[in-house]
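Let's walk through this fold together, one piece at a time. Keep the viewer open and turn the model as you read.

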Amino acid sequence: MVILSCTDLDKSYGTIPILKNISFSINAGEKIGLIGKNGAGKSTLFKILTGDLEYETGHIYHHKDASLGYLKQNISYEDSITLYDFCLEEFKDVIELEQQLRHYENEISRHADEPDKLESIMNVYSQLTDEFDDINGYAYKSEVRGVLFGLGFNESDFSRPIHQFSGGQQSRISIAKLLLKSPNILLLDEPTNHLDIEAVKWLEGYLKNYPGTIILISHDRYFLDQVVTKMFEINNHQLLSNPGNYSEFVRFKKVHYQALMKQFENQQKHIKEQEILISKFKERGTEKLAKRAKSREKRLDMIDELERPIDLEERAKLSFSPQINSGTDVLFVKSLKKQFGETVIFQNVDFNIYKGEKIGLIGRNGVGKTTLFKTILDESFKTDGKITYGHNVHIGYFSQDQMEYNPDNNLIQEISDANPLLTETTIRTLLGSFLFKGDDVFKLMDNLSGGEKSRMSLLKLMLSKANLLLLDEPTNHLDIISKEALEDALESYDGTILSISHDRYYLNKISTKIIELTPDGTNEYLGNYDYYQSKKELQSSLDQPFEEEKLTKTQIRDSRKKEKEEQRQIKIRKQAFALLEKSIHELEEKIEVNEALMCEESVYSDPIKSKALHNEINTLKIELEQKYEEWETFV
């Protein structure tokens, strides 16, 4: 069933076209990934679909039962309402129905001695109870808690006013509110921004199982691979689509480009052949051949000449080398600790970095990854431990909010000032590899977008004397094409890289080692993100830490003893959980049986029986609610 479609949609801002002849249809339950360069018109299309923006021509169809939910970027809340109560607002109807049930329960108690009134009250109560069951009324509080926990909030956050949360946290609040609203069409604009890897993985699972239709704008390629069933790309104002995830779309685009190029080349070959024939016919000078030449010219003029297709994936492949080479040993960190006052940010941090390694540093938001970078940059920042820098190590630091530049310089001047020995031709080639082409090189530094400034900052860093690059979320604010240009450059970089990132696709492509930072130390994995993930899954399945090093006999004995105790505790926990689920099932059955009895004339006509049964139902419901609270601690 088609739930949303668009036909020949056009949108311009003044004389500047944004969208041309956009057409697509989306079936109920499909999960669509929407990609394109920054400024291509993705958010514009979302605003048109929601009715927030008008369009010039075309037609949009929504199914009559369609309800749209739109996650916008950069929402700010000033409300003093708590996080938990703010999310409960999505269940106003459920809460009102619950209040009605409580009201009628009191009425049942009040009129227990009045059979005539009681029958009428019981009929309404029975109807409301059925409605409450149909909308899963008993589970809405658990649903709110589950979504908030999944997005990285904890119990202490529930009572905080939402205006006290940071911008990134407020973005997560917007996601929570929208997911709880459960519209049958979700429009998500960069939903993984401000989420750490664990929260993104939770969101992936939630969206994969979401029963409605999803259209999501994202530059997170790994996320797109996990969630979507069809890809849309806006390129040169038009839309290209293909079934499958992002990786399948990349393969499709290569074949599609080759087919377009073949069509273009064949047409150009045909045009050239016709032009040669026309020229020869004219040279012969006979009247008959002149007519034939004229006829061919007319046919040639009628050809709708194809434009040469642009391969957006085509980039200059350059090798980047530091101006100064470091020694083999680059950085050794031993027993590093950092705390502010009584708060320990991290401790027991141990790792070694060697020349040429490309390391991904991962960990939950707030675990101290950026603080670790600052400690490496300034050893005096540490609380305890030791940092040893190797021979000839020069550190370069990339941060989203720390870029020094001359605002009056254009891009060529900015690179030339820092690298006076480079020719303008070389500088243009280098800028081209970072997607600055044509007149882009004459843009003033102060007029660059956030993503363009990030690309310039990274290029300057790779051309500097730095040979150990500390990169803090280098792919933030970059579209997919820019990310891939950066990855090409970093893959060819001869120096050493330590990179904080939540971009799993980037970590897969760049990293030769993953360091996981936790509050109690670090874990190292000799491979990319997929290798790290496979080891974590193996650890989870074995329910014991993965050890790459050999253990002593004492350690093996202690490990086995600990493993047996853990297995015993798991067995006890499973048994307790099974008993709890059985108890919940029995309580629900008792309540259902008693509520059915309440509707029987022999009960509601007898005030004593009715009141006793009503009190028993209330007691069972209180017990059931307590059991559900206990059940939540298991899941």
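Two strands pair if DSSP finds at least two bridges between them. Helices (H or I, at least four residues) and strands (E, at least two) are DSSP runs, numbered from the N terminus. What you see is a predicted model, in which local features need pLDDT of at least 70, side-chain atom pairs count only at pLDDT 80 or more, and totals for chains, interfaces and linings use all residues. Residues are numbered from 1 along each chain as its sequence is written, and side-chain values use heavy atoms, with hydrogens and water left out.

Begin with strand 1 (residues 2-13), which pairs with strand 4 in the antiparallel sense over five bridges. Here Thr7 stands opposite His59 of strand 4. These strands belong to an open sheet of three strands, ordered 2-1-4, with antiparallel pairing. Strand 2 (16-27) and strand 4 (57-62) are at the edges, each with a single partner strand, so one side of each has no neighbour in the sheet.

Next, find helix 3 (residues 92-110) and helix 4 (residues 115-134). Two packed helices are described by the angle between their axes and the distance between the axes. Axes are lines fitted to C-alpha atoms, for helices over the stretch in contact, and angles run from 0 to 180 degrees between N-to-C directions. Helix 3 and helix 4 pack at about 155°, with their axes 10 Å apart. They are therefore roughly antiparallel to each other (angles under 35 degrees count as roughly parallel, over 145 as roughly antiparallel, 65 to 115 as roughly perpendicular and the rest as oblique).

Now move on to an open sheet of six strands, with the order 14-15-16-12-17-18 and mixed pairing. Strand 14 (395-398) and strand 18 (521-525) stand at its edges, each with a single partner strand, so one side of each is left without a neighbour in the sheet. Strand 14 and strand 15 (residues 468-472) run parallel and are joined by four bridges; the bridge partner of Ile395 in strand 15 is Leu468. Helix 14 packs on the sheet, where it touches strand 14 and strand 15, and its direction makes about 175° with that of strand 14. Helix 17 (residues 529-542) lies across strand 12 (358-362), strand 17 (513-518) and strand 18, running at about 110° to strand 18.

Note on methods: Contact means heavy atoms within 4.5 Å.
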